[in-house]
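Please view the sequence and the structure first.

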Amino acid sequence: MQCYDKYLKAAFKEAATKAGHPEWELPDTAGTYNDTPDSTEFFGSNGTYLTDKGKFFLTWYSNNLITHGDDILDEANKAFLGCKVKLAAKVSGMHWWYNFPSHAAELTAGYYNLYDRDGYRPIARMLSRHDAILNFTCLEMRDSEQDAAAKSAPQELVQQVLSGAWREHIEVAGENALSRYDSYAYNQILLNARPNGITNKGVPKMHGFTYLRSSDDLFEDTNFELFKIFVKKMHADQEYCSDPAKYGQELKPLKRSKPKIPIEDLLDATTPMKPLPWDEETDMKVDG
């Protein structure tokens, strides 16, 4: 956990005391970065994360990060007020241990996400007051490519996070996590960018995508030819258009953020919901 400096220790002690538990301390049984969840007391079966003490800590921990993000975006909004810009916040794709009951990697990073608690929709709801974009990652990944021992589920994670953001009526952008130059990865990105294909019905479409990254490998002849096809497919085989207003991407002067959303209202969004429907594959494959 990233909360052991003297300031956060003091903040946790104050919060625990107000809650009537001055004896509670920060977790010291969550293991280290290379531990597996079931080898720790905090994340293992019937672990501390399920106790009142564990739930209190995880709520405090994640709320602090959401509040911090909200404060930073508010300052950014004031700094760029009136400029033709769009604010965005990066949300990390902690896909390993997603299929383990405690979601240990996500909880360690501050995303309090469990089978009965959505850790991402409250972030999206916070972003909504700033009219900010939620930028997510690992769009190229498939479950079948991951080591089974890691209990990884990038596809389900992407669908959960994007669905939550769209339900909060904000724009979503994304990126790939690893350097990939193959049709298998490009087709997965295309599917996540338009989960129901080229249609005005169904799930919303992604606002934008950042490809990572420019390199000598990318500009190798075969790789670059396929990349150009991928870019064309991302634009639904349409020709280049220099006027963003014609495809819904016109930047307008940034307006002041809406009033702060009480933390209680943000936490209402922790109620889990079934992800929106995704097609099995994209209708705009780079390989036919």
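How many salt bridges does the count come to? The count comes to 18, with a salt bridge taken as a side-chain nitrogen of Lys or Arg within 4 Å of a carboxyl oxygen of Asp or Glu.

## Basis

This is a predicted model, in which local features need pLDDT of at least 70, side-chain atom pairs count only at pLDDT 80 or more, and totals for chains, interfaces and linings use all residues. Residues are numbered from 1 along each chain as its sequence is written, and side-chain values use heavy atoms, with hydrogens and water left out.

Helices (DSSP H or I, at least four residues) and strands (E, at least two) are numbered from the N terminus. Buried means under 20% relative accessible area, exposed over 50%, and partly exposed in between (1.4 Å probe, protein chains only).

## Salt bridges

K13 and E25 pair at 2.9 Å, N to O. K13 lies in α1 (residues 6–18) and E25 in the loop between α1 and α2, so the bridge ties together parts twelve residues apart in sequence. K13 is partly exposed at 26%. E25 is partly exposed too, at 47%.

Relative accessibility is 41% for K228 and 45% for E225.

D71 and K260 meet at 3.4 Å, N to O. D71 sits in helix α2 and K260 in the loop between α7 and α8 (263–267), 189 residues apart. Both partners are partly exposed: D71 at 38%, K260 at 47%. The pair belongs to a salt-bridge network that links D70, D71, D74, R129, R256 and K260.

## Nonpolar core

The largest nonpolar core has 50 residues. Such a core is a set of buried Ala, Val, Leu, Ile, Met, Phe, Trp, Tyr and Cys residues joined through side-chain atoms within 4.5 Å. L127, L134, F136, L162, Y186 and F230 touch the most other members. At least two residues each come from α2 (52–79), α4 (121–128), β2 (133–136), α5 (154–167), α6 (183–193) and α7. The largest share, six residues, is from α5.

## Negative patch

D216, D217, E220 and D221 gather in a negative surface patch. Patch members have over 30% relative accessible area and no salt bridge; like charges are joined within 9 Å, nonpolar side chains (Val, Leu, Ile, Met, Phe, Trp, Tyr) within 5 Å. E220 lies in the loop between β4 (208–210) and α7 (221–234). At 38% relative accessibility, E220 is partly exposed.

Key: Accessible areas come from the Shrake-Rupley method with a 1.4 Å probe; for residues, only the protein chains shown count as cover. Lys and Arg count as positive and Asp and Glu as negative; His and the chain ends are not counted. The place of a charge is taken as NZ of Lys, CZ of Arg, CG of Asp or CD of Glu.
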